[in-house]
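Trainee: Before we go through this entry, please show me how to read its features one at a time.

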2 protein chains.
Amino acid sequence: MVVTDASGPTRGDDLPSGKTRDALRAAHLYYLQDLTMDAIAKELHTSRSSVSRLLSHARATGLVEISIHSPLDLPSRLEQEILERHEVAAHVVPVPDHASDVDRLERVALSAARILSRFIDSNQTIGVAWGSTMSAMSRHLAPKATHNSEIVQLNGAGNLRTTGILYASELLRRFGDAFGARVQQFPVPAFFDDPATKQAFWRERSTRRLLDLQASMDVAIFGIGSPFAEVPSHVYQGGYLERADYDALSRDGVVGDVATVFYREDGSTDGIALNERATGPDFATLRRAPRRICVVSGRAKLPGLEGALAAGLITDLIVDEGTARRLVEDVPAS
Amino acid sequence: MVVTDASGPTRGDDLPSGKTRDALRAAHLYYLQDLTMDAIAKELHTSRSSVSRLLSHARATGLVEISIHSPLDLPSRLEQEILERHEVAAHVVPVPDHASDVDRLERVALSAARILSRFIDSNQTIGVAWGSTMSAMSRHLAPKATHNSEIVQLNGAGNLRTTGILYASELLRRFGDAFGARVQQFPVPAFFDDPATKQAFWRERSTRRLLDLQASMDVAIFGIGSPFAEVPSHVYQGGYLERADYDALSRDGVVGDVATVFYREDGSTDGIALNERATGPDFATLRRAPRRICVVSGRAKLPGLEGALAAGLITDLIVDEGTARRLVEDVPAS
DNA sequence: AAGCCAGTTGAACAAACGTGCAGAGGGAGA
DNA sequence: TCTCCCTCTGCACGTTTGTTCAACTGGCTT
């Protein structure tokens, strides 16, 4: 639920009550004055454990923000190089080379969630895709109070087996909760069976409303799908695609997808039949968003990432260290 | 010393060596990925204790910044009221009411030091006064790398007993170190014996250079002196003033000083003889600095604070809770 | 070459911290 | 009014973290 907190007009002394208020004060004392929790407990007339919990609350709830500044001169050579080669602001997440893909994903998602709050603000329309990366991310979002913002689902999530609504709506809801934003779901399947159905649907006014929102996004957040990786992305496991679809993608030289829209190594999408049935925004629409944040982890997604970069889909990239390294090594000159 | 760190052009893998680099990585892992220090130790191939130290280093050195955001709607009613009444951005430091004045000062100074780094940036001229408040503050500054900034001493520090140079230079040096800035000392006594000497000195070219710097300050940082408080400020203990001077101040209705320039309750300075011999910048000069940060703790300084506010010396105020409360209560309507 | 100093290191200990748990409080509904 | 359910509290325990200490390193002097 959105942070509301009963801190009414309790004027008078200095005990305006309200958990958030206490948390704020505890945070001041702990992070700005270096008191121990014990000392804070005494000042707040409560137990040390409660203070510990208050501080957890303060962190989890975004009252406290911890950020890390490279001393400008040495900003991860990697980030620097990625910026130069691809004109993309990169955030490289350190992960040990031997980490499993699951670990890697989890850690990138955690960092990404923390970094994200910098980009979110009031009065924004925020497009959110879905997939395992976005899902992991949604579980770690640091709340940040905003007004009048809107979360828009970028692509449908229904498939042959489930409506996908539960999964996707849960994910979206987490984003909405974290930022106190309204959530606009997109209740369509990930892929239509028949392009004509999509066309028809797209003409519906309720659909149009959503498409218009997408077209006016301020921020888009998405992962990258990699159809032919050893560990396929969510889209490719969940029964969204059939054998024939795969074969078609393979023939077309597809290296990845963003919000269920497929593309080739060079970023092109023309003539990829499946896109006619996909529900994600075409790249021209996506690129209208001034800030487009891509979260990637695992070397398997490298080709997909390179394609997305070629397509100019990304303005901000959050990526694990190993993949970042390969990105700059693979392509000596773009 | 200024952070230099031997992290040269060590290209290659991902082990560019350098303590700062490790600290940065540790900080990422600890604060952005919530690993335990033990886990980080393994990733960095070192002991847990070293990681603990690295993290301390990262915090002390400003690589990690921890900030606290009130959820905009409830920004300490006090800060709100001070803003409305005095047009000053206040930062209220929570301190228990029963805290001693020494505690109070220490805690305000600590918070102030942390808050300060937000205001400091590259290519700035930063005026710094001295006194017990500034001294306490200087001991807690969080380093922040800047280029081409300059610390300028606002007022002389010599007195009858010592040259004051040691004390003041130590204080200034800490500021300089923390921000990697050059330090411009002002080697004059706090008060001249004879106004004429001051006049003469002020015509010296070396003095002019410094006064010009003061006149082009971007930020000024100062405390408030309170001559008649039970616990007198540094200026009033150290042998800077004599009996006769006190009497004169008392007759003139002085309530405080900023950088050894005295003023009355209404902020006026005209006709206060001592100011003719003082070495601090006159208020017109001071007010040319776009940002003027005042750090105050202890109710004894309340009259002084009110005078400084009346004189329009302050744009940003860092003050302990008790004093802030009295400030808004004392004067129901400004 | 020996000696010295300043800076690091990990082990061991002590302090500070997070969390499961059982009990207390306090509405909303029966 | 009683009961159920939810939330919050402080305690007790195990874990995590800060710090002291002695040993070690590498550079510089004598």
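Mentor: Start with pairing: two strands pair if DSSP finds at least two bridges between them. Helices (H or I, at least four residues) and strands (E, at least two) are DSSP runs, numbered from the N terminus. Here the bridge partner of His91(A) in β10(A) is Ile318(A). That contact belongs to a set of 5 bridges joining β2(A) to β10 (residues 316-320) of chain A, and the two run parallel.

Trainee: What should I know about the numbering and the model?

Mentor: Residues are numbered from 1 along each chain as its sequence is written, while chains are lettered from A and ligands numbered from 1 in the order in which they are written. This is a predicted model, where local features need pLDDT of at least 70, side-chain atom pairs count only at pLDDT 80 or more, and totals for chains, interfaces and linings use all residues.

Trainee: In which order do the strands of the open sheet in chain A lie?

Mentor: The 7 strands follow the order β2-β10-β9-β6-β3-β4-β5, with parallel pairing. β2 (89-93) and β5 (182-184) of chain A stand at the edges with a single partner strand each, so one side of each has no neighbour in the sheet. On average, neighbouring strands are turned by 20° against each other, direction ignored. Axes are lines fitted to C-alpha atoms, for helices over the stretch in contact, and angles run from 0 to 180 degrees between N-to-C directions.

Trainee: Which strands does helix α4 of chain A touch?

Mentor: Contact means that the C-beta atoms of two residues, placed from the backbone, lie within 7 Å. Helix α4 (residues 77-86) of chain A touches β2 and β10 of chain A, and its direction makes about 150° with that of β2(A). Helix α9 (residues 205-215) of chain A lies across β3 (125-128), β4 (150-153) and β5 of chain A, at about 115° to β4(A).

Trainee: How many residues of chain A are in contact with chain B?

Mentor: 36 residues of chain A are in contact with 36 residues of chain B. α1(A) supplies the largest share of chain A's side, 9 residues. In β1(B), Val64(B) stands opposite Ile68(A).

Trainee: Which residues come nearest to DNA strand C?

Mentor: A residue is near a strand if its C-beta atom, placed from the backbone, lies within 6 Å of it. Of the 13 residues around DNA strand C, the nearest are Thr36(A), Met37(A), Ser49(A), Ser52(A) and Ser47(B). α3(A) gives the most to this surface, with 5 residues.
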